[in-house]
Amino acid sequence: MMAAALLAGCEPQTSIPPMSMSQYRAEILERQATAAEAVSRSEGEAAGEQPVASSPSGQERAALLTGEITTSMPAGPELFGQVPDPTEIAQLRARTAELMADVRDERARATSERVMEHAAQLLGQLPLPKKRELSLRECIRRALQNNYDIRIASHDPAVSQTEVVRAEAAFDSVFFLDWSWNETDAAVPDDSPRAVGDTRQFSGGFRQLLATGAEVTTALGTNRQVSSWETKAAQPILDPSYTTDLTLTLRQPLLRGFGLDVNRAQININKASYGIAREQFLQQVNQTLFDVESAYWRLVQARRNVAIQAISVSQNLATYESLKQRHDATQIEINNSRSRYLGRVVTYQETVKNVREAEDALKNLLNDPELPLSEHIELILSDAPVMSPLVVDHFAEVRSAIDHRHEIAQSRLAIERARVQTTVAKNQTLPQLDLAFTYNVSGIDDALHGSFTDMTSNRFLSYAVSATFSYPLGNRAPRAAHRGAQLQESAAVIALQRVTDLVVQEVNTAVRTLSVRFSQIPTQYDSVVAAERNLRALQARAQRVDPAFLNTELDGVEQLANARARLLQVIIDYNIAIAGLEQSKGTLLEFNNVVLSDVSPGH
């Protein structure tokens with residue numbers, strides 16, 4: 001009932017700031033970090049005290065932080081310069097030329113220029129005729145509106161809500177009409193007077209079930225009877241005769257079937273089922289948004305990995321061409337270099353394929369008719385990965401997950417539903433004891449209006465009170481049903497404990513992943529810089545090349561490409577870990593500033 005462009009009548013109302021998603025998230029993360037640092041300073045500056053967090057009981061406990069925020073994080077241009085997007089190759093080429101201008105070795109400068117020129121040629125083959133620029137914010141909006149899983153899941157709460165209405169309808173008043181016509185010609189002995197009868201009955205009224213289990217029936221009926229006898233002595237006084245009756249009947253269970261909890265049980269069960277369906281829908285939206293964010297960043301990774309591999313291919317080609325021009329190089333060394341170069345070409349072709357597959361994966365999550373899978377459309381992503389530090393209070397994150405995770409809410413509703421079923425099953429073990437009361441007012445005349453007038457005079461009043469009791473010997477079936485309901489309730493409680501532990505484990509994993517990935521970024525960047533300096537030094541050597549030196553240089557090319565790929569992997573994993581932490585807490589919608597609201601069908 002809360003979804004995007006849903007056939008069941010649910011559409012999301014998204015409220016996202018008019019900035020890019022990466023800018024928005026960076027601002028949020030910066031605020032969190034600033035707030036956490038301020039709290040930590042104010043609480044610990046007196047005597048080096050550790051940060052504390054308040055538990056629900058009011059007791060203070062040490063806050064579990066992901067660790068100190070490193071101050072050695074490289075600047076954005078330097079960092080993303082090592083893992084550029086294909087659209088940034090021109091800027092990277094200009095920046096590389098500026099850096100190489102201070103290098104005295106002419107051969108190194110020429111090699112760098114050839115590498116960037118060839119890389120630009122390779123990346124020039126990547127674009128497709130049709131292009132679409134997408135931000136993460138735009139992808140989330142499109143997924144909310146068009147994703148098939150969200151649209152399918154949105155029907156379940158709507159269906160469950162109809163079951164609630166259906167259960168409530170059991171207490172609706174029922175209007176009924178009954179009509180019958182009976183003509184009799186009774187068989188009698190030859191010496192007895194023969195009688196022919198014509199009886200017509202008509203009645204109507206209202207019947208309603210009350211929340212206490214009582215059934216109330218109010219009926220007004222008319223009976224017309226015409227008799228034809230062979231002897232006048234047997235002829236009735238009124239012929240035809242009209243009888244009008246007003247009857248009020250009340251039947252109330254006193255044991256089994258008595259009480260609001262029992263008679264409204266199906267309503268409460270269906271309401272719990274609706275709540276479960278609603279939480280399952282929100283869980284699906286939460287999962288879909290995480291999948292969209294992961295696919296978005298994986299496409300960012302695939303595109304930037306193409307640039308890394310293009311530069312690696314170009315560096316292998318530069319080594320190969322440089323080796324061919326040397327008079328002291330043997331054919332074995334040239335072939336070895338050529339083999340490395342062609343192997344990198346194959347790797348580059350694979351990375352291009354990975355880009356197309358990553359584009360299809362993102363399109364298949366968006367399900368946007370403007371981005372059909374049947375058309376080759378290049379997706380250019382405008383959001384750069386977030387590099388802002390995030391300070392996490394472990395205890396607060398776990399507490400938030402317990403409060404917001406949809407699986408825990410589902411388990412709690414399942415317990416509530418099981419308790420209602422246990423209450424009903426317990427009531428069914430009681431004996432059946434029903435009390436009935438009937439009140440009747442009658443009137444009779446040879447005309448219809450006369451019988452009605454006679455009835456309103458209250459001349460003929462009748463009362464009846466009855467009781468019905470029944471109890472199965474042994475009562476085994478209701479007792480077994482009650483025991484089964486108790487076991488199901490116990491299982492639901494255990495399921496809640498299991499789900500809670502799984503949620504806590506997911507939060508722990510998400511917090512650790514977030515902390516480790518962020519701490520790996522500067523270290524891996526230093527590894528890239530070292531590998532880059534090592535390769536430049538090797539390529540600038542002018543002495544005779546032997547097989548060992550050639551392998552060292554080719555290994556240096558591969559080492560640099562692998563180091564850049566690992567750096568890119570760590571950066572992307574960090575961004576996915578941010579979304580993963582919010583997903584593990586069940587707050588990814590709030591983190592993306594997405595609000596879902598119920599909308600009636602057709603709007």
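A nonpolar core is a set of buried Ala, Val, Leu, Ile, Met, Phe, Trp, Tyr and Cys residues joined through side-chain atoms within 4.5 Å.

**View 1. Overall content of the predicted chain.** The chain holds 16 helices and twelve strands. Of its 603 residues, 44% are buried. Among contacts between residues at least 6 apart in sequence, 80% join residues at least 24 apart.

**View 2. The largest nonpolar core.** This core has 97 residues, and Leu-362 and Ile-521 touch the most other members. Helix α9, residues 265-324, gives the most to the core, with 22 residues.

**View 3. Packing of α9 against α12.** Helix α12 spans residues 406-427, and its axis lies 9 Å from that of α9. The angle between the two is about 165 degrees; angles over 145 count as roughly antiparallel, and α9 and α12 are therefore roughly antiparallel to each other. The crossing of α9 past α12 is left-handed.

**View 4. Residues in the contact of α9 with α12.** On the α9 side, the contact includes Ala-265, Ile-269, Ala-272, Ile-276, Glu-279 and Asn-286. On the α12 side, the residues include His-406, Glu-407, Leu-413, Arg-417, Val-420 and Val-424. Ten residues of this contact are nonpolar, nine are polar and three are charged.

Note on methods: Residues numbered from 1 in each chain as written. Predicted model: local features only at pLDDT ≥ 70, side-chain atom pairs only at ≥ 80, totals over all residues. Heavy atoms only, no water. Buried < 20%, exposed > 50% of the residue type's maximum accessible area, 1.4 Å probe, protein only. Helix = DSSP H or I, 4+ residues; strand = E, 2+ residues; numbered from the N terminus. Axes fitted to C-alpha atoms, helices over the stretch in contact; angles between N-to-C directions. Parallel < 35°, antiparallel > 145°, perpendicular 65-115°, else oblique. Left-handed = near helix turned anticlockwise from the far one by under 90°. Contact = heavy atoms within 4.5 Å. Nonpolar A, V, L, I, M, F, W, Y, C, P; charged D, E, K, R; others polar.
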